[in-house]
Amino acid sequence: MIRKLAAVFAVLLVIFAANTATAFDFSKIEKQVVEFQLDNGLRFVVLQDNEAPVVYFRTIVKVGGASDPRGMAGIAHMFEHMAFKGTREIGTNNPTEELAWMAVEDSLFGLILKEEAKLENADQARLDELRAELKTATDSATSFVETNAWGTIYQEYGGVDLNAGTGYDQTMYIANYPANRLELWFAMESDRFSNPVLREFYKEKEVIAEERRMSRESSPQGKLMEELLGAAFLAHPYGMSLIGPMSDINHYYRPEALAFFEQYYVPSNMVISIVGDVDINRVKKLAEQYFGPIPYQPAPMPVLTEEAPQNGFRKVVVKDKAQPIYITGFHIPGGNDPDFVALEALADYLGQGRTSLLYKDLVKEKKIAIQAAAFAGFPGDYYPTLFGVLAVPSKDHSNEENDQAIVEIIEKLKSEAIPEAEMEKIKARAKASLINQISNNGGWGGMASQLASHELLYGGWEKLFKRLDAINALTADDLKRVANKYLDINKRTTALLEPEEA
């Protein structure tokens, strides 16, 4: 009989409150997880939980901003939008006519690209003519579109929280359905990834462009983050914009985008997790029926570009009509490195919450900041990444004051051992955070998402249940060691948002 997960987690939390030093035993839950793989390489991770008649689906593809090719930065994010446009049959009232007009669109945009490639010798009158023809073709193709047909079907059959998110390492597609709609999800999800049409592609580029304007070009904070990453990563694609520069967005070409999709959206590069009120045997049958016919294709190569060691201090300044913000980043290894768990714990001690060193020193005592934080794994964590420290100066105080205080705290961490009582608190918070995350089947960081992400990126879903062991094994010497190894004040990148002078 399947043990009810809610009851299991309730017991775990009681034990946790009683003794934070105890290593928790997730073996009973681990034994309930079933994984299987289709002949085409698609992996499924399934956890049966009959507590409620709900099923949480997560489809994760190992493709993100780090996978974007040169000249197409942000194209992985574009597919997050395309995935809800429907398929050859869903989303159109006349697929034959729509596809014909889409072919005209592609032909015209190909001519536009060819003319623009002449650079200063481009014929502007010819470009204006082609763009007018493209608009006519786009309007004609759009006339056959049944707007939001995909989402309408989803909602009509009880689906909630339909969503997607793109990071630098992965793209996640979320769906939650009543348990009696299991086959509907299989039918729609398999159709979405085996029959893409990239409907309204050229029209949606305008939406992406507006998103860029709002989140980057009109956002001081967005500008600051892009400048930080661009300065910190000179070679690795973590330094590229996740949403893409405007020039790339404007030049997205559907045939090239489709080739990108066909390279990365292959079964061997995907993991699906299913958590909830399901029968394992039926899941296997439906998986074979709906996803099995998709042909095998080898998974694409990971990014092999390595960022060279940073040999000096880098600094960028963004001037804008906004309050100052300070952020500095240190190069650290990715999430699969043994040191990463110690770096996460160090970030917790240094700058997470009101009891952290940074908050107590900068905000409460010196009152030179209104907020301070530290974090490990920005902007992604599959590849070597950044350990970041952020501060928002208070009124009449500066980024320079905060930088000086932060440097002093970091240097102190390198020379003084963290008290054992503080280590126990760090472990307690880490354990509580993990247990709270996976006690919820849904959400962006719940059980379904964690199982899929760990299977795809972190060496197997089993690693999820081994994290508490790694946390328990941490010592004060581990945190001191990684602070000295990675937090070199002279080899960091600092980005400052400074108020624009009148």
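Which residue forms a salt bridge with K85? In this predicted model, where residues are numbered from 1 along each chain as its sequence is written, local features need pLDDT of at least 70, side-chain atom pairs count only at pLDDT 80 or more, and totals for chains, interfaces and linings use all residues. Side-chain values rest on heavy atoms, with hydrogens and water left out.

The partner is E204, with the closest N and O atoms 2.8 Å apart; a salt bridge here is a side-chain nitrogen of Lys or Arg within 4 Å of a carboxyl oxygen of Asp or Glu. K85 sits in the loop between helix 3 (75–82) and helix 4 (95–116) and E204 in helix 8 (residues 201–217), so the pair ties together parts 119 residues apart in sequence. Helices (H or I, at least four residues) and strands (E, at least two) are DSSP runs, numbered from the N terminus. Both K85 and E204 are buried, buried being under 20% relative accessible area, exposed over 50% and partly exposed in between (1.4 Å probe, protein chains only).

Over the whole structure, 26 salt bridges turn up. Another one pairs R481 with D339 (2.9 Å, N to O). D339 is buried at 8% relative accessible area, whereas R481 is partly exposed at 37%.

As for nonpolar packing, the largest core holds 62 residues, and F44, F79, W185, F186, Y265, I274 and F291 touch the most other members. Such a core is a set of buried Ala, Val, Leu, Ile, Met, Phe, Trp, Tyr and Cys residues joined through side-chain atoms within 4.5 Å. Apart from it lies another core, of 41 residues, L362 and V407 among them.
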